[in-house]
Amino acid sequence: MEKASGIVAFELNCFLVMFQRFFIVRQVLITETKDEIGFEIIASLAEHYNGVNKPDRAEKVTKNYISQCDSTNLYVNKEYAYSLFMQFKYDEAIPKYEKLIAQGFDNFESNFILGLCYEDQPDNEKALKHYQKAVLFKSDNATCLFHLALMEKSFCMDSLSMAHFNQSLEVSLLKVSGCICVSVMLEMQVGQPFIGTQCPAFG
């Protein structure tokens, strides 16, 4: 009888240990899922606020998430940095974008925005460096090419400056020509003039 009781107690103890382990794993999975859903919601909300020109709201929601939940999430930090840039808080935006680049967001947007921030400082040397990198990622952005030309001019790089200025004009003219073509086609289809500022080519 004692032997049977011991076996039952042992099996019950094993069951309790397995249940505790299952509960711990379950809680970890729930927490990770909540964190994943949480950052996606915050990043999407901040992107929306930045997109509708309400960067102060984007800054608030991202800053709260960073301080209270996860300070390392790149997507939330990207929207936070952009909200600072949108509010002309360039001194605060610069270290955020430098960190984003170091962590893997080394792309056109990060370098172009950093170029604009440094140009405003003014720190033309760093602005030139980031405009040059931005153009390597995307060579058909007229605004970036124009600012690159200005920085090159400030360093007496006249031939490069003129080449990028002309390239900026060519890109702009291509977009305008494309918009005119779209406008004419739409006018032929709907039978009324199409407002140029609504053309996707201006986007």
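## An aromatic cluster

Tyr 82, Phe 85, Phe 88 and Tyr 90 are joined into a cluster by ring pairs. A pair here means that the centres of two rings of Phe, Tyr or Trp (its six-membered ring) lie within 6.5 Å. This is a predicted model, where local features need pLDDT of at least 70 and side-chain atom pairs count only at pLDDT 80 or more, while totals for chains, interfaces and linings use all residues. Residues are numbered from 1 along each chain as its sequence is written, and side-chain values use heavy atoms, with hydrogens and water left out.

## Pairs and their angles

In total, the structure has eight aromatic pairs. Take Phe 88 and Tyr 90: their ring centres are 6.1 Å apart and the planes sit at 80°, so this pair is edge-to-face (planes over 60 degrees apart; under 30 is stacked, and the rest are tilted). Phe 88 is exposed at 62% relative accessible area, whereas Tyr 90 is buried at 14% (buried is under 20%, exposed over 50% and partly exposed in between, using a 1.4 Å probe and protein chains only).

Then there's Phe 146 with Phe 165, with centres 6.1 Å apart and planes at 50°, so the pair is tilted. This one links distant parts of the chain, 19 residues apart: Phe 146 belongs to helix H7 (residues 142-154) and Phe 165 to helix H8 (residues 158-190). Helices are DSSP runs of H or I with at least four residues, numbered from the N terminus. Phe 146 is partly exposed at 34%, and Phe 165 is partly exposed at 32%.

## A lysine over a ring

Lys 138 lies over the face of Phe 108, 5.4 Å from the ring centre. For that label, NZ of Lys or CZ of Arg must be within 6 Å of the ring centre and within 35 degrees of the ring normal.

How values were computed
Helix = DSSP H or I, 4+ residues; strand = E, 2+ residues; numbered from the N terminus.
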